[in-house]
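Here is a short briefing on charged pairs and a nonpolar surface patch. Please view the structure first.

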Amino acid sequence: MNKNVHQQAKIFTDTILNIFSNLVPNKTITINDSDPPWMDEDIRNKINEKNELYKKSSYNNYYHRNWLKIQRMTTEISDLIITKKDEYYNRLSKRLSDPNTSAKTYWSILKTFYNGKKVPLIPPLLIEDTFITNIKSKANIFNNFFSLQCNPIMNNSHIPNTVPYLLNERIDSIEISNNDIIKIIRALNVNKAHGHDNISIRMIKICDEALVKPLSLIFKNCLNTGTFPNVWKKSNVIPIHKKNDKQDIRNYRPVSLLPIFGKIYEKIIFNSIFKFLELHNLLSEKQSGFRPNDSCIYQLLSITHEIFSAFDCNPSLEVRSVFLDISKAFDKVWHEGLLFKLKSMGISGKLLDLIDSFLNERYQRVLLNGQSSDWLPIKAGVPQ
């Protein structure tokens, strides 16, 4: 109990991973692929020559005499593989960047490039007239791009000195019950992805009630200190293609995969705050997004009803509408402005501090084909 929330969450995560690693049966499956496309006769001959020498030396107990020669041959093979691999990548890059390359040839090259494996959903990225094919490089490029979008817009906007409270009521705490925690755990979908902590929903469901008590202690400590654990604020980001050219990073949006324990706590906080806002009618009746039992379909039905009602009038009425598409809306959310609005709605005390901690000091990395980028900070926006 003397640990802070960051230490508690870290120890809790490590303990679960340790239990599953040591007590749950598991096995490692090794998949041997066929030779890579840059493997040619020169490399194979060198490898066969070295293996033959090694076998003869081992059979005749002459290994110590030929040790230096075997080591030299190993180095030569490694250098030769690097050279052949570089030559192969250079040939592919030239053909991919050639504007005269047909679409059929283009995808054929990609299939050859990935050695018969399933071609990833994200093709080589075109950055400054250069095709980026390396997975690690693509992940870092995506992460740099997404991170730059999550910077606050610098202008003359400022927070008013006086908070215009919309009501006299305040909410500075939430109820955290064991029943709520176990109810959320059992409602989790095992097919959903997990976060960077590698604790899956299936693992959580196996533990079930055993997790309720420690989670309750961590959740309550978070509320008492107004602090959200740092380990639950890191997100794995998956680039999702939206439209148009797949080789343009501007046509992708980020989807954040967060640790499940943090999402369980988010759900508890959301339920309490939403009940408070609904009770005091602080949400507009015209808002359909992010509300239970409401959706964009109801907005479309409402708009359609308005249009046909105008047509049915005698004489018919004119209908005008304005549609706004806010670019990077989720990525540009101003944290200070959001907290100010929440405060005006009556959210205060440690609960407001907890939300402040939840929004700030967040980090993200991009996952792509099993490889990850470096961690980068997020200074604006909310996870989506």
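**Salt bridges and a surface patch**

The structure holds 10 salt bridges. The model is a predicted one. Side chains of opposite charge can pair when their charged atoms come close.

**Within helix α1**

- Lysine 10 pairs with aspartate 14 in a salt bridge, with 2.7 Å between the closest N and O atoms.
- The two residues, lysine 10 and aspartate 14, are four residues apart in helix α1, so about one helical turn separates them.
- Lysine 10 has a relative accessible area of 42%, so lysine 10 is partly exposed.
- Aspartate 14 is partly exposed as well, because its relative accessible area is 36%.

**Within helix α2**

- Glutamate 41 and arginine 44 form a salt bridge through their side chains, at 3.6 Å from N to O.
- Glutamate 41 and arginine 44 are three residues apart in helix α2, so the separation is about one helical turn.
- Arginine 44 has a relative accessible area of 29% and is therefore partly exposed.

**Between helices α2 and α3**

- A salt bridge joins the side chains of lysine 84 and aspartate 42, at 3.3 Å from N to O.
- Lysine 84 sits in helix α3 (residues 63-97) and aspartate 42 in helix α2, so this pair ties together parts that are 42 residues apart in sequence.
- Is lysine 84 buried or exposed? Lysine 84 counts as buried because its relative accessibility is 17%, and the cut-off for buried is under 20%.
- Which residues are linked with Asp42 in a network of salt bridges? The network links Asp40, Asp42 and Lys84.

**Nonpolar surface patch**

- Ile19, Leu23 and Val24 make a nonpolar surface patch of about 270 Å².
- Valine 24 lies in the loop between α1 (5-23) and α2 (41-59).
- Valine 24 has 33% relative accessibility, so valine 24 counts as partly exposed.

**Points to keep**

- Lysine 10 with aspartate 14 is a pair in helix α1, and glutamate 41 with arginine 44 is a pair in helix α2.
- Lysine 84 with aspartate 42 connects helix α3 and helix α2.
- The nonpolar patch includes Val24, a loop residue.

Methods
Residues numbered from 1 in each chain as written. Predicted model: local features only at pLDDT ≥ 70, side-chain atom pairs only at ≥ 80, totals over all residues. Heavy atoms only, no water. Patch = residues over 30% accessible without salt bridge, like charges linked within 9 Å, V, L, I, M, F, W, Y side chains within 5 Å. Areas by Shrake-Rupley, 256 points an atom, 1.4 Å probe, with all protein chains shown as cover. Salt bridge = Lys/Arg side-chain N within 4 Å of Asp/Glu carboxyl O. Buried < 20%, exposed > 50% of the residue type's maximum accessible area, 1.4 Å probe, protein only.
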